[in-house]
Amino acid sequence: MDAQPPQAGAESIGADRIELLRRWILVILVLGLLGTVTELVLLEHYEQPLQFVPLVLIVAAVGALWWELRRRDGASRRAIQIVMVLFVLAGFVGFAAHFYGSAEYQLELDPDMSNWELLEKVLRAKAPPLLAPGMMLQLGLLGLAYVFSDSRFRRR
């Protein structure tokens, strides 16, 4: 028996499912961006120049997504890719900044503590929250999933 080629209807259903998932990813990404920027503004996360990075990136992401929804071209997809890679990098940089900020504060309180005690205090500190920059990493990965799941991107 010869193998039957996939039916056009089955391919269409698969493409429809992927497009539905892409829309959900986009909705979750936009909600995450709006929630994160709201939290950062309420926490006054703009006292130092480095603290502006996530705010600027969120504005850039909203702009790139708006561009993508209006034009749906290669340049808009590339802009989203670039911004989302910057989100991932900002997540790692933010983690390091939060770590060093917390370590600095803990050492001011007790300059004689051991490295192990310092690490334990930093990991348990509530301000700055060590893992909060992970949200930037998650949003960046969601944005990249949105771009790379685009059928126009896969055809190239």
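**Pocket and helix pair**

I sorted the lining of the largest pocket by class and got 17 nonpolar, eight polar and three charged residues. Here Ala, Val, Leu, Ile, Met, Phe, Trp, Tyr, Cys and Pro count as nonpolar, Asp, Glu, Lys and Arg as charged, and the others, Gly among them, as polar.

A note on the source: this is a predicted model, where local features need pLDDT of at least 70 and side-chain atom pairs pLDDT 80 or more, while totals for chains, interfaces and linings use all residues. Residues are numbered from 1 along each chain as its sequence is written, and side-chain values use heavy atoms, without hydrogens and water.

I then looked up the volume of the largest pocket, about 900 Å³ (the space filled by probe spheres set on the points, which are joined across faces, edges and corners). A pocket is an open set of points on a 1 Å grid over the protein atoms alone, where a 1.4 Å probe fits, with protein on both sides within 12 Å along at least five of seven lines; lining residues have an atom within 4 Å of a point.

Which element gives the largest share of the lining? I found α3, with eight residues (helices are DSSP runs of H or I, at least four residues, numbered from the N terminus).

Next I checked α2 and α3: their axes, lines fitted to C-alpha atoms over the stretch in contact, come within 9 Å and cross at roughly 160°. That makes α2 roughly antiparallel to α3 (angles over 145 degrees between N-to-C directions, on a scale from 0 to 180). The residues of their contact (heavy atoms within 4.5 Å) divide into 16 nonpolar, one polar and two charged.

Definitions and conventions. Helix = DSSP H or I, 4+ residues; strand = E, 2+ residues; numbered from the N terminus. Parallel < 35°, antiparallel > 145°, perpendicular 65-115°, else oblique.
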